[in-house]
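Subject: Structure handover

Hello,

Here is the structure I promised to pass on to you. Please open it beside this message and follow along as you read.

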Amino acid sequence: MKKGQIAEGNVTTVEFPNKGIVMTDEGERVIVKNTIPGQRVSFAVNKVRKGKAEGRLLETVKKSPLETADTCRHFGQCGGCTYQSLSYEEQLKIKEKQVRGMMEQAIGDACAYEFLPIRHSPRVLAYRNKMEFSFGDEYKDGPLALGMHKRGSFYDIVTVEDCRIVDGDFREILMATLIYFREQEISFYHRLRHTGYLRHLLVRKAVKTGEILVDLITTTQDWRNVQEQEPDERAKIAAALLEKQGRCPHAGTVNEEKEKQLLAGWKDVLLALSLEGTLKGVLHTKNDSVADVVKNEGTEVLFGQDYFYEELLGLRFQISPFSFFQTNSLGAEVLYSTAREFILGDNPDMLADKTVYDLYSGTGTIAQMLAPVCKKVVGVEIIEEAVEAAKENAALNHLDNCEFLAGDVLKVLDTIEERPDYIVLDPPRDGIHPKALEKIIDSYRCESILYISCKPTSLARDILVFMNAGYKVKKIQCVDMFPNTVHVETVCLLSLK
């Protein structure tokens, strides 16, 4: 196949996370993302390398026989819910098959292990407790939009007022915010020109307590069309220096008095909404970074407080706008229950006199789940804010056998005097750094290790390292935390031979 060629084919299978294997009528194999087994699709070839071709999806020519579920009107445009047109049972089958295949390929016949059936999310719809919506436009120079990126687009935004993976409060807050800033004619931050004011809307809502936190992320630029003003030479030099430092070129030009009035009006709009949950805080965060990420460069409380509470498995957690916390609270209970079952097995007192390391501990949720059944838990996390939150939450839950340390796992391990009897690993998506993995294995040789992975390809890679070091896989189970999407969590128990 040639780059730029347009062709059709049938999707035979989908590899994790969303790589559809398409066979053309001429028998050629092409990878096309965001497809579903059984579909016939048209695509444009955008990469050919070493005889392997990849294509960009253009159109679903014929739906798959598996696509029997009703979808929201944003499906196919929004880049979020690839599997929404499938029944939930079919979604689970695809995810389990993908992970099982990866594990079989990685482990082979090196050891006998148990692959348990995938565990489902208690909620399939309205399960998310956090959304980061982006401001932009749906097409060039179109009206202000607020929502998710269009599939395959870096710039275009789809206003997802009917999104089904969040509840009605999210949608009410989104639309009230969008209408308000449209009426005020406020500009959004242009990712290419690095000019504009509105960047993101962060909404968090606890499932158990119903408490809501809303945070508006903006630049500190004047929201007028600053790129049309002809700057003098000094201003041009200053702007160029800021961009070189990764900062918006017009940072600090906002009229603070007008901004105060603008934000007060937005806050009043939110407070007037009839929500099912309770609005606990309305915040404003400044972010002048050129990078298109939600970054905290100073947060002001416009109403209430800058945190809310959520509950998991009888424990209470205080969550701030940027705290890491599983985005599916009820699914997190299933995940952590699975982890605890894997560790304890049939012996609830197995860890009673043991020290557990919770590496990549985030805000300490896993550590606090294990604290009541072990002698001590030591959590290590590189993000200092998360470590402080973990300490506060442990105190909130009256747990005095938790210690949380801030820093890179590779370095912090050298500073801990108490050796672990058990290790829990819950690394970020890319898995464990090879040097950190080597140190974990060589320094401690723990009899058992539990690995929780949000990216099974990383788990498959790291399993090989463990097996080469003498560990064997005991059992594996997937937990679906992200219904309607391609993502899945995997829990893996390893033990020394």
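Below is what turned up, going from the whole chain down to single residues.

**Overall picture**

Please keep in mind that this is a predicted model. The protein has ten helices and 22 strands. Its radius of gyration is 24 Å, which agrees with the value near 23 Å that a compact globule of 497 residues would have. Along the principal axes, the C-alpha atoms fill a box of roughly 70 × 65 × 50 Å. Of the 497 residues, 53% count as buried. Among contacts with a separation of 6 or more, 65% are between residues 24 or more positions apart. The protein exposes about 22800 Å², and carbon and sulfur atoms supply 48% of that area.

**The cores**

The largest nonpolar core has 80 residues. Those with the most contacts inside it are Phe135, Phe181, Leu198, Leu201, Trp266 and Leu450. Helix α5 gives this core its largest share, eight residues. Another core, of 43 residues, lies apart from it, and its members include Leu92, Met103, Ala106 and Leu437.

**The seven-stranded sheet**

If you colour by strand, look for the open sheet with the order β9-β8-β7-β10-β11-β12-β13, in which the pairing is mixed. Its edge strands are β9 (157-158) and β13, each of which pairs on one side only.

Going along part of that order:

- β10 (residues 198-205) and β11 run antiparallel and are joined by seven bridges. Leu201 has Leu216 in β11 as its bridge partner, and Leu201 is also one of the residues with the most contacts inside the largest core.
- β11 (residues 211-218) pairs with β12 (residues 278-286) in the parallel sense, over eight bridges. Ile212 is bridged to Leu279 in β12.
- β12 pairs with β13 (residues 299-304) in the antiparallel sense, over five bridges. Here His284 has Glu300 in β13 as its bridge partner.

As you look at the strands, recall that side chains in a regular strand alternate between the two faces of the sheet.

**Ser320**

Is Ser320 buried or exposed? Its relative accessibility is 18%, so Ser320 counts as buried, and it sits in the loop between β15 (315-319) and α5 (329-344). Its side chain makes a polar contact of 2.6 Å with the side chain of Ser323. A polar contact of 3.2 Å also joins the side chain of Ser320 to that of Glu385. Leaving aside neighbours within four places in sequence, Ser320 is in contact with Arg204, Leu213, Asp306, Tyr307 and Glu385.

**Helix α9 and what follows it**

Helix α9 covers residues 434-444, and Ala436, Leu437, Lys439, Ile440, Ile441 and Tyr444 are buried in it. Which elements do these buried residues pack against? They pack against β16 (355-359), α8 (409-412), β19 (422-425), α10 (456-468) and β21 (471-479). Leu437 is also among the members of the 43-residue core.

Arg445 follows α9 and is found in the loop between α9 and β20 (448-453). Arg445 has a positive phi of about 50 degrees although it is not a glycine. With a relative accessible area of 37%, Arg445 is partly exposed.

**Backbone details to check**

Most residues other than glycine have a negative phi, and most peptide bonds are trans. His194 is found in the loop between α2 (168-183) and β10. At 12% relative accessibility, His194 counts as buried.

The peptide bond from Phe16 to Pro17 is cis, with omega near 0 degrees. Pro17 lies in the loop between β1 and β2 (19-24).

**Thr13**

Thr13 lies in strand β1 (residues 6-15), and at 29% relative accessibility it counts as partly exposed. Not counting residues up to four places away in sequence, Thr13 touches Lys19, Gly20, Ile21 and Pro37. From Thr13 to Asp346 the distance is 38 Å in space, C-alpha to C-alpha, and 333 residues in sequence.

How values were computed. Residues are numbered from 1 along each chain as its sequence is written. Side-chain values use heavy atoms; hydrogens and water are left out. Two strands pair if DSSP finds at least two bridges between them. Helices (H or I, at least four residues) and strands (E, at least two) are DSSP runs, numbered from the N terminus. Buried means under 20% relative accessible area, exposed over 50%, partly exposed in between (1.4 Å probe, protein chains only). A polar contact is a pair of N or O atoms within 3.5 Å; within protein, one must be able to donate a hydrogen and the other to accept it, and residues adjacent in sequence count only if both atoms are side-chain atoms. Contact means heavy atoms within 4.5 Å. The radius of gyration is taken over C-alpha atoms; the globule rule is 2.2 Å times the number of residues to the power 0.38. Accessible areas come from the Shrake-Rupley method with a 1.4 Å probe; for residues, only the protein chains shown count as cover. A nonpolar core is a set of buried Ala, Val, Leu, Ile, Met, Phe, Trp, Tyr and Cys residues joined through side-chain atoms within 4.5 Å.
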